[in-house]
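Here are some notes for a colleague who has the coordinates open. They take up one pair of chains and then turn to a third chain.

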Amino acid sequence: MNARRWNPLQFVLNNSTLILFALVFIGFSLSSPRFFTVENVINFVKQASFTGIIAVGMTFVLLTAGIDLSVGSNMYLSAVVSGLLMRTMGLEVLPALLVALATGTLFGAINAFFIVNLRIIPFMVTLSTLVIGRGIGTALTESQQIDLPQRMATFGQGQLAGIPMPILLFALVVLVAYFILTRTPFGRQVYAVGNDVEAAKKAGINTDRVIFMVYLVSGFCAALAGFVLASQVIRVDRSFAEGREFDAIAASVLGGTSLFGGVGNVYGAMVGAVLIQMVQTGLQFNQVNLYLQPMVRAFIIFITVFFDSLRETTQARLKRRFIRPVENREASTPART
Amino acid sequence: MSAILDIQSITKTFFGVPAVKEVSLRVAAGQIVGLIGQNGAGKSTLMNLIGGVVQADSGAMLFQGRPYAPRNPAEAYRAGIAFIHQELNLFTNLSIAENIFIDAFPARRLGPLRLVDRADVSRQTKALLAQVGLDLSPSLTIDRISPGERQLVEIARALHMDASLIILDEPTTSLTARETEKLFAIMRQLQAQGKALIYISHILNDVLALADSIAILRDGRLVTQEPASAFDVSRMIALMVGRSIDSLYPPRTAAPAATPLLEVQGLSAKGIVENIQFTLRQGEVLGLFGLMGSGRTELARMLFGMDSFEQGSIVIKGQRLTRHSPRESIRRHIAFVTENRREEGLLMNINIADNIALVALPEFARTTLQVLDQGRMMSAARSAAGVLQLKSGDITQQPARSLSGGNQQKVVIARWLLAEPSIFIMDEPTRGIDVGAKYEIYSIIDALAAQGSAILFISSELEELTGMCDRILVMSRGEIYGEFARSNFHAENILRAAFREEGVKPA
Amino acid sequence: MSVTTPSSSPPPPALSGLALAQPGAAGRPRLAFWRRLLLSDYFVLYLTVFLFVSAAIIFPRIGLAGTLGLPTNISNQFLNMWPLLAVALGQTFVLIIGGIDLSQGSVMAITSVIGAMVMSTTLDPAMFDKSPVWGSILTAEGGLLRASPELAVPLGVLAMLLVGAGIGFLNGFAITKFRIAPFMVTLVTMTFFSAFALWLTQSRNISGLPEEFLRLGTGDIISVYLGPKLEAQIARRDILPAIAYPTVIALGLALLAQVLLKNTVFGRQMFAIGTNRRAAQISGVPADRVVILVYMFSGFCAAVSSILYSARLGIGQPSLGNNLMLDIIGAAVIGGTSLFGGKGSIKGTLFGVAFFVLLLNMLNAARLSPFIIDAVKGGVILLAAFLDVARARLTSREQHA
């Protein structure tokens with residue numbers, strides 16, 4: 001069959017993000033020699049960490065054909081709650097992290113409750129909780145900026161075997177999420193639900209539970225990302241993590257995740273998040289105006305989704321349903337006058 | 001022998017129309033029961049009752065001696081009934097192994113995580129695949145294997161859940177000859193292991209060769225269930241067709257003229273249709289008969305410009321079509337009544353009047369802003385509804401979904417009438433509507449032909465074609481396999497052509 | 001024997017007729033009343049009135065006797081309503097065809113900036129010398145049309161509308177021709193154009209807009225004075241706009257939208273596409289063209305809203321429309337428009353916007369912090385979305401009965 005033959009166009013379409021990644025990396029390295037240094041690479045991976053972590057959570061949600069617009073607010077709210085406790089009660093870093101994670105997971109559970117139990121569409125639910133979450137967070141701080149204690153900075157700058165803490169947590173999240181999605185029954189059921197909810201129900205999968213869980217995962221990741229970001233900037237102000245949900249969606253989609261469910265992986269989300277940050281850093285190196293940077297990012301996202309749709313249409317042609325076996329089945333030809 | 005499944009006088013009615021009526025059926029362990037019947041005879045409904053997709057109005061089922069009334073497919077599945085549909089229920093993005101084990105993976109714990117025991121899954125899958133004679137890697141994803149292989153994966157899944165009853169609905173439609181043989185061998189093997197199987201197919205020779213017992217449905221009732229040895233193909237067809245009842249069809253009022261309106265020349269699309277050639281004349285009702293999956297609908301979509309083809313041409317009133325799109329077809333006065341009203345026909349939540357006006361909307365526009373002349377539009381919609389004797393409330397208020405099947409179909413036809421077409425392509429226009437409404441649809445078809453329109457009447461119900469058509473084309477595996485003039489309508493011969501039985505001489 | 005024939009079992013009495021008879025759907029008049037209320041087209045209007053009256057009774061301090069009922073306040077409410085109404089009309093169109101337009105906020109930002117760049121009469125060099133267009137389009141003497149002030153306002157407004165519709169065209173084109181999901185397309189244009197607006201101005205607000213333009217945002221056409229008749233001179237603040245330019249502009253746009261939706265071929269085709277795109281295409285609806293036009297209308301409406309806001313604020317603001325998405329989609333959803341497509345009305349959106357603005361005003365009057373107000377706002381929209389689900393369930397249940 002000729003479908004197995006190597007096709008350069010198909011190859012480019014199937015690996016568009018990696019090719020883009022390589023091109024951008026080479027381009028920046030050529031344009032600015034300081035870009036291609038270990039130090040700088042570590043630096044932008046570190047900065048990509050928190051986007052990467054929420055992108056991983058977002059990937060779970062997108063895999064079920066859902067969406068979570070509330071992750072930015074969730075990052076903020078859980079950072080506010082843990083930050084306040086650190087300041088007022090002198091909470092240590094680790095308990096504060098646990099508090100943040102609990103807050104974020106609860107936030108995710110509330111989203112899940114509205115989506116699964118009340119059957120409101122994810123877009124409306126998470127758009128609403130986006131506003132509600134930030135409102136509550138700002139009310140809690142009375143609109144004041146929270147300056148975090150020094151131990152938080154120490155945590156954020158900490159290293160383990162030479163690897164900075166944010167990268168370490170990012171890698172850990174990617175690894176665990178990778179295992180969950182590829183190796184656990186739950187992970188595989190996430191893919192099944194995204195591929196065909198009705199078939200999943202027929203196959204005996206508790207689809208409600210699966211969908212509930214992905215919003216918990218997204219909430220958990222958002223809280224962790226919020227904590228990582230807070231440990232780097234050492235303060236939580238009103239615009240903390242605002243609009244980050246779109247970075248997460250973009251990173252996930254850049255990594256090959258489909259908005260229609262069933263297709264995607266965390267490895268792609270990781271590449272997507274690093275790519276976004278790399279572009280940002282590269283533009284800074286080349287002293288491109290601060291305000292131009294989001295425009296370049298938008299352009300890159302557009303290129304990716306454009307290639308994605310090209311791939312879809314070329315593959316749709318291959319998937320057309322045949323009613324006549326294409327391979328010659330038998331010699332009998334119809335008798336015709 | 002004791003029956004593993006015992007269906008006792010089960011009845012299911014949809015919108016007042018009985019689809020399955022007082023059917024009793026017994027399936028014993030180690031037995032293959034062949035289930036045959038024309039389209040609309042109630043086979044699917046009966047299987048959906050067993051599979052928990054729909055619930056019976058009355059009657060009872062016993063499964064393995066216990067009362068059995070599944071409320072959903074998952075319950076049937078858990079009870080040990082595997083249902084292999086014509087459209088497969090596999091997750092194309094997952095591997096073969098994952099599809100088999102998706103609801104209950106063998107897992108081992110790793111800290112807080114429950115990991116799939118991939119070695120175990122892989123080993124078990126290999127064993128299952130070996131049982132169905134598939135030599136594929138368990139980690140291959142479904143979208144990379146052929147339809148035949150997918151079919152066997154479904155069977156492997158049924159084996160894994162240790163189903164004691166396996167229902168196969170038209171499993172060979174998309175299989176090659178070799179794959180089909182493999183499937184049959186495996187079915188016999190399962191039978192030898194004491195499983196019960198229900199096999200539904202239009203390929204009567206296959207049924208005859210495989211089944212121990214054959215059940216025939218007609219009009220929702222069981223005609224007979226007897227050992228396979230009591231049948232030959234002729235008897236099966238005769239029982240499926242039954243007696244014809246003349247009063248079901250209105251008399252044809254006019255004969256077709258000689259003027260060709262639509263000429264199809266050598267239409268081909270790889271893997272779909274092959275060298276389609278026919279002429280449709282003014283005032284003619286041309287039947288297009290074929291079994292499920294014979295390519296009828298695909299051909300209709302190509303004729304209307306919805307799907308592309310590779311070779312051949314379509315000539316309308318002597319002019320060859322150069323552009324193919326629904327809009328171009330509408331401009332050339334072609335109408336297309338699609339086979340499924342729900343997905344491709346009606347705007348269910350929108351009122352009847354707007355549904356009727358949809359195709360002809362631009363006709364009711366004034367000025368460049370395309371402001372609608374609502375008065376003219378409403379009166380046109382009303383008169384079309386009146387001509388077709390639509391039974392409804394206020395057509396400007398009532399949504400299309402609240403109508404009965406027959407009246408919904410009238411709305412679709414009315415929509416096309418306003419565009420004043422001369423060629424009608426009607427794909428299964430009477431599907432899912434009751435006998436009385438069918439008669440009305442037939443009368444409309446006759447009236448349209450009498451007024452000089454040409455109608456391509458596509459159906460899988462042979463009776464209505466012989467009752468209404470001037471000529472019938474038979475389609476099979478994407479080809480026109482036979483042509484019958486009205487004087488030569490013989491139900492058995494037409495069915496034989498559709499089944500590709502030997503010894504048929506197409507006219 | 002394993003084989004039975006149907007003739008061997010006696011046919012039971014026909015039961016199919018009985019199965020159809022459902023027990024008592026009637027006989028619950030009280031529930032029927034609530035159901036009718038919930039399903040009514042005017043539900044949101046009733047809700048708005050109910051909210052107003054109950055607030056007046058429960059909180060007399062902020063009620064009719066307080067600020068809420070003051071003519072100034074009522075008049076102000078209307079002024080708050082119009083820009084939101086304008087942009088929500090466009091979103092309603094997009095939602096009806098089953099799409100979504102996230103880019104409206106950025107259209108408002110970029111058109112606000114572009115309009116001001118055309119019309120501005122004076123600019124502070126210290127603020128704008130970093131702008132990429134300083135010296136060419138922007139100078140100390142003003143914007144692009146500084147030389148011909150009599151043309152500045154009409155051309156500026158025209159530029160804003162054209163840019164709005166143009167961005168809508170880009171959205172629609174990418175959605176129909178490249179087959180990219182509307183969410184992604186409009187997310188990209190949202191990111192791009194809001195950044196573009198910030199880049200052009202380096203995040204500064206452009207002031208110095210001509211008086212004729214400002215009038216579009218605040219100017220009265222008919223004013224009222226409700227004070228005593230005795231005084232010879234009336235203070236400006238006591239004169240209240242009854243009908244102002246924004247009123248006329250927004251209601252005019254609403255009227256246009258209403259006519260398009262209800263009285264033209266285009267409107268019917270929109271509903272057809274939103275309800276069942278495949279059926280619509282088979283029926284000859286030029287789906288791609290309709291979708292592109294709808295996104296253009298959405299951009300156009302955002303530009304109109306931008307004109308009203310910019311004129312009222314008196315500046316070209318690159319951050320205009322930020323965080324407005326929830327308000328826009330929320331107002332449409334409260335008004336009964338469905339995110340699944342095929343359902344929505346101009347009347348509903350009008351009531352939705354009114355409800356929303358009134359609610360915000362009450363919360364403000366109750367002296368709640370703006371952040372709590374945000375939280376309540378989100379909750380109300382969530383509730384509205386839930387009501388929509390509940391209504392859909394009620395209707396489908398009625399069909400089964």
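The points below cover the interface and then the third chain.

1. This is a predicted model, in which local features need pLDDT of at least 70 and side-chain atom pairs count only at pLDDT 80 or more, while totals for chains, interfaces and linings use all residues. Residues are numbered from 1 along each chain as its sequence is written, chains are lettered from A and ligands numbered from 1 in the order in which they are written, and side-chain values use heavy atoms, without hydrogens or water.

2. Between chain B and chain A about 3700 Å² is buried, 52% of it on carbon and sulfur atoms (accessible area, 1.4 Å probe, lost on putting the two parts together and summed over both). On the chain B side, Phe91(B), Asn93(B) and Arg477(B) lose the most area to chain A, together 15% of what that side buries.

3. Contact, meaning heavy atoms within 4.5 Å, links 46 residues of chain B with 35 residues of chain A.

4. The count of salt bridges between chain B and chain A is one (a side-chain nitrogen of Lys or Arg within 4 Å of a carboxyl oxygen of Asp or Glu). Arg188(A) pairs with Glu98(B) in a salt bridge whose closest N and O atoms are 2.5 Å apart.

5. In chain C, 54% of the 401 residues count as buried (under 20% relative accessible area, 1.4 Å probe, protein chains only). Among chain C contacts between residues at least 6 apart in sequence, 75% join residues at least 24 apart.

Note on methods: Buried means under 20% relative accessible area, exposed over 50%, partly exposed in between (1.4 Å probe, protein chains only).
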